[in-house]
Every structure is written in structure tokens, then in C-alpha cells.
Amino acid sequence: MLKITAEELKIIAQYIHEISGIYLDQSKSYLFETRLGSIAEELGCTSYRALYDKARRDPAKLIERQIIDAISTNETLFFRDTSPFDLLKHKILPEIIDARAPRSPLLKTNIKIWSSASSTGQELYSIAITLQELLGTQMAKFNFSLLGTDISDTAIKQASYGKYNKFEIERGLPRQTLQKHFTLFGDTWKVKDELRGMVNFRKLNLMLPFTGLGKFDIIFCRNVAIYFTLEDRKKLFNKIADCLADDGYLIIGSTESLTGICSRFIPKRHLRAIFYQKK
Amino acid sequence: MNNLTILVVDDDPVIRRLLEQRLAKENYTVLLAEDGHKAENILQGNHVDVVLTDLMMPGDIGGIEVIDIAKDLNRNIEVILITAHSSIDTAVEAMKKGAADYLEKPINFTELFLRLEKIATMRSILRSAEDLRQAMDVTETNAAATIQNLELAVGNIQHKLDTIESILTDDSIDSDIRVTNALNILLN
């Protein structure tokens, strides 16, 4: 494996932060080597400096994409940690549905949900499944907008395709749910069109301004800010507060905290889960 | 150390015996079935990691049906098909149904053992990934409970401080009363 020098660590760490917002601890040189070494070798680079120069010069930004894919963690599961989905089903959705009830029964209820670091889509599909389970035949009365965004093009592509291998899917999803919403092809499961049609995915770098997203009723921002510096976390949650409806709901990772990061939110407990609302 | 249990399904007793001997010599646990029905019975009553089945067998259950039976019982069972060269198209079809691999007759044992090792390695990687996930889940659940309690406690303290601040800075009220009110909030 290609060894990284102290100087290269500094340059690469700064570059990764610039393109993705991800902050990598420079004391963990093995992390850079295991994740970027094979890309460097594949591209015929004899040093990480050469990889960096090549990435910078690449007008199509294909190398940048490869680096983002290699660096970002896509550990995610359907209904990974069930508590946010229970929270959604039993507390948040009933409340928001009441709050957004239209004046005329002829009108539909509009609800916008955002999975801000959607990775390969499991979180957003889990949200869509939760909506269907809760509302069933009532679904027609609603106009749900479900958006998933991620920094990785590859993750967005897989999410949009909705195809998962058996290891990615069979843990976390009960057999009944699996068969209801997915079709089996050999060893892979593909999301059925009905579920696929409910969601949209697109690329977004959380470090950049959120333009054109509008206001959301519910935002999931789980286990992504942990890869950012304190300063970047503050900026991120401030922007999230800007695009969350005044009575909207924010769900962060179960081991994350907003203490010292964003004072615009207050934590609230429901059973074993915590969610945030604006002050 | 090979700890995989392999079910051999073949109507030819010579091939069954040959496979049994060679696999046992490599320390695999071997179960035998001469047709699809026997295979189904064995699969229902035993833990099997890999099914090694002939594609063409007399009777109503062929190799393709064996894949379905095994996968219906447990999706983690891997199936390797043994085929004559002429039936490779069918074997490819079988891969689409979830077969792990196929081998052409006559069986090349070096090849067979390599495939089995690959399956064993894959299983041990999956097992350790699963162990890590479980360990992570336990850690995460505990950490989450601690963090959430702290988060709520800090939230309450912050709320108290905000209230006290607004009381103390309210010029319309006499300063002694302000201090008393603020103290009351603090002590509650």
C-alpha cells in the first residue's frame, strides 16, 4: 500500500474537507491509505501528491467523485435503529398531519420530508414504508414530497435505482414488509415502482448553501454531522433551522447532540427517542 | 478447519460416494440425497450451509427446483450446481435464481474446493460484520441513552437560565422582587 507523508496528509485532508465537508483526523494516516491507496494505484499515481494534482486538474471531476465515494461512509440499513421510525409513526406524523389539515376536504395535505444524508436510500425508503403502513388507503389524501440528498453520486445512483443485495436488505426488514415493497431478482431485491415513485434523490453537498429546497416539515439529519468540524456543524444546523418549518421536526442520530452547536432548537422526548423543534 | 455442512444431491451412487469421500477428506460434514424429495427432507431437518446438486435428475425435482426449495427454507444456503457442458445455459438461468455457482462435469475437485473455501471465507466475513454491528448497536444504544439524558438536562438548565435572564432584566419590576423571583426559579 502506498504510504502517505505528513505533508500529503495535510494537503489531502484539506482537499477532502473542501470537496465534501468531511473532516479526517490527520493522525489516522491508515484511514487515508486504505481508502485512497487503491485509487492512486489504479490511476498510476506514485504518490498522494500526484493523486491530488490529478484530481485538481480533472475537468470532469471524476476523480473527485471517486475520492468522495472512498471517503464517505455508507453504513446504513433499512430501519437502522427503529426508534426514529417509531417516533415518526406514533408522534410526528399524527401531529404534522393535524397541523397541516387543509381547509377543504377536497384539498390534499402537503407534507415535505427531507433525508439530508440519504446515502444509498434506505432511510428515505424506510420513511416511505412507514407512511404507507400508517396511512394505508388514506395515502391518496396526501401529497408527500420525499427528498433524499447525498454528497456521493454513486450513493445517489444506487438509491435512485433502489436495488439492494440480500445482505443490505434482509437485516432490518421483516419478511412481510420485504415482499410487499420489493421484488427479488436472483440475490438482489429491487424496490417496487409504487414505493420508488414516492421518493426523489439528488446530489447535495451539505457545506454549500441550500438553495431552492424550500421549507420542510420533517428533516432527518442522522449520523452525518459527526464527520464535520464543530464550526461546520454549527453552520449546518443553522442552515437546517432556516429550511425547517416553524413547527417542523428535526431528527438527528441517536448519539448526536446539538448542545453547543445550535441554540435555535430545543430537544423533546417521546418514549425512548428525542426530536428537536425550533424555539 | 472446514466447518461447512454440505448436502450432496445426485442420482448417481458412484458420484455421491466420490463426492462424500473427497469432501470428508477435506473435513467437510457431508449429507447425501439421491433425489430432490430426499434433499427436501434433509434440508427441513438439518442445518446445511451448501447444497451441491446435479442439474439433471430423474423424477419431478431437478437441480433448479432444489435451488427454490433450499432458498425458500433459508436464503443463506448456497447452492452449487453440477452440470454437463451442454446445459450451461440452464446453469446461467439457475444463477439468476440465486445459485452461487456451477461446475461442469467431470468435477474438478481443486475447483470445487476453491469455491467452497470462497463460500466459507464469505460466511466468516459476514459473521464478523454481523458481530461488529451487534457490538456497535449495544454501544450505540447505551451512548444514546446517556447523551439524550444530558441533552434534556442541558435543555432544562438553558430554559431556566433564559427565564432568569428575562426576569432579571425586566426593568418594570422592582429589583428586590426580581432577585426573589429569580431565586425561586433557580431553587425549583
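Modeller: Two residues are in contact if their C-beta atoms, placed from the backbone, lie within 7 Å. Please bear in mind that this is a predicted model.

Colleague: How many residues of chain B are in contact with chain A?

Modeller: The contact criterion is the 7 Å limit between C-beta atoms. On the side of chain A, 13 residues take part, and the number of residues of chain B in contact with them is 15.

Colleague: Which element gives the largest share of the side of chain B that touches chain A?

Modeller: Two elements of chain B, α4 (88–96) and α5, each give two or more residues to the side that touches chain A. The residues of that side divide into seven nonpolar, three polar and five charged. The largest share, 10 residues, comes from α5(B).

Colleague: What is the order of the strands in the open sheet of chain B?

Modeller: The sheet is open and has five strands with parallel pairing. β2 (29–33) and β5 (101–104) of chain B stand at the edges, each with a single partner strand, so one side of each is left without a neighbour in the sheet. The twist averages 20° from one strand to the next. The order in chain B is β2-β1-β3-β4-β5.

Colleague: Which residue in β5(B) stands opposite B:Leu81?

Modeller: Strand β4 (residues 78–83) of chain B pairs with β5(B) in the parallel sense, over four bridges. The residue of β5(B) opposite B:Leu81 is B:Tyr102.

Colleague: What angle does the direction of helix α5 of chain B make with that of β5(B)?

Modeller: Helix α5 (residues 109–168) of chain B packs on the sheet, where it touches β3, β4 and β5 of chain B. The angle between its direction and that of β5(B) is about 170°.

Colleague: Why do the buried residues of α3(A) line one face of the helix?

Modeller: Helix α3 (residues 48–57) of chain A has as its buried residues A:Tyr48, A:Leu51, A:Tyr52 and A:Ala55. They line one face of the helix because, seen down the axis of α3(A), they fall within an arc of 100°.

Colleague: What distance separates the centres of the two domains of chain B?

Modeller: Chain B is divided into domain 1 (5–107) and domain 2 (135–187). Taken over C-alpha atoms, the separation of the centres of domain 1 and domain 2 of chain B is 66 Å.

Key: Residues numbered from 1 in each chain as written. Chains lettered and ligands numbered in written order. Predicted model: local features only at pLDDT ≥ 70, side-chain atom pairs only at ≥ 80, totals over all residues. Pairing = 2+ DSSP bridges. Axes fitted to C-alpha atoms, helices over the stretch in contact; angles between N-to-C directions. Buried ≥ 20, exposed ≤ 12 C-beta atoms within 10 Å, placed from the backbone. Arc of directions from axis to C-beta. Domains from an automatic or database assignment. Nonpolar A, V, L, I, M, F, W, Y, C, P; charged D, E, K, R; others polar.
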